[in-house]
Amino acid sequence: MSRPRAVPADEPARGQRAPDRAARLTLAVERDGPTCIWCGRELTGLVAPTTEHVVPRVKGGPSWPENEVAACRRCNAARGHTGPVQWLAECRGRGWIPDESRLTRALESLAAAIACRGGQRRARPYLDAQLRRLRRSTPAGDPGSAAGPGRRRA
Ligand SMILES: [Zn+2]
């Protein structure tokens with residue numbers, strides 16, 4: 001049986017299916033490294049990665065790779081729907097070392113993706129406000145004022 005097989009080597013871009021949530025989380029970990037964006041803990045073993053939406057979905061944030069970063073379950077739950085820039089400051093207050101450059105990159109790439117793809121009318125003003133806030137609150141070097149050695153272990 002030698003039926004000619006016309007198997008397309010690769011689906012053309014038009015049929016592009018969005019990767020599912022687990023696949024996107026894996027990609028985010030590969031892209032950013034296996035650490036929690038908020039507390040910096042390594043996401044291995046007992047500390048499983050979860051999908052963190054930079055612009056919360058209740059604020060209209062899309063489930064796009066640009067809006068998704070990896071966080072540990074504890075931080076993901078603790079943040080709730082707090083704005084990411086406010087939460088960044090909150091993390092520092094807790095003595096954690098959040099990944100500000102990752103957050104900046106995520107916000108900027110989401111803004112670029114929205115500019116390119118359009119839509120997301122609800123997320124736009126929220127995102128703009130976060131970016132403004134981030135630029136205003138440049139990390140004024142605050143040496144030595146870390147909250148002391150009271151590091152909590154779960
Ligand atoms: Zn964390």
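**Close-up views of a predicted model**

**Figure 1. Packing of helix 5 in the predicted model.** The buried residues of helix 5 pack against helix 3 (84–93) and helix 4 (100–117). Here, packing rests on contact, meaning that the C-beta atoms of two residues, placed from the backbone, lie within 7 Å. Helices (H or I, at least four residues) and strands (E, at least two) are DSSP runs, numbered from the N terminus. The model is predicted: local features need pLDDT of at least 70, side-chain atom pairs count only at pLDDT 80 or more, and totals for chains, interfaces and linings use all residues. Residues are numbered from 1 along each chain as its sequence is written.

Figure 2. A123, L127 and Q130 are the buried residues of helix 5. They cover an arc of only 60° around the axis and therefore lie on the same side of helix 5; the arc is that of the directions from the helix axis to the C-beta atoms. The face turned away from this buried side carries the exposed residues P125, D128, A129, R132, R135 and R136. A residue is buried if 20 or more other C-beta atoms lie within 10 Å of its own, exposed if 12 or fewer, and partly exposed in between, with C-beta atoms placed from the backbone.

**Figure 3. Surroundings of V55.** V55 lies in the loop between strand 1 (49–53) and strand 2 (68–72). This residue is buried, with 26 other C-beta atoms within 10 Å. Leaving aside neighbours within four places in sequence, V55 is in contact with G60, G61, N67, L110, A123, Y126 and L127. V55 and P84, 29 residues apart in sequence, are 7.2 Å apart in space, C-alpha to C-alpha.

**Figure 4. Strand 2 and its partner.** Strand 1 and strand 2 pair in the antiparallel sense over 5 bridges, where pairing requires that DSSP finds at least two bridges between the strands. C72 in strand 2 is the bridge partner of P49. In a regular strand the side chains alternate between the two faces of the sheet. Both faces of strand 2 are covered, with E68, A70 and C72 buried on one side and V69 and A71 buried on the other. Because 5 of the 5 residues of strand 2 are buried, the strand is largely enclosed by the rest of the structure. Not counting residues up to four places away in sequence, V69 touches A28, D32, I37, E52, V54, R102 and A106.
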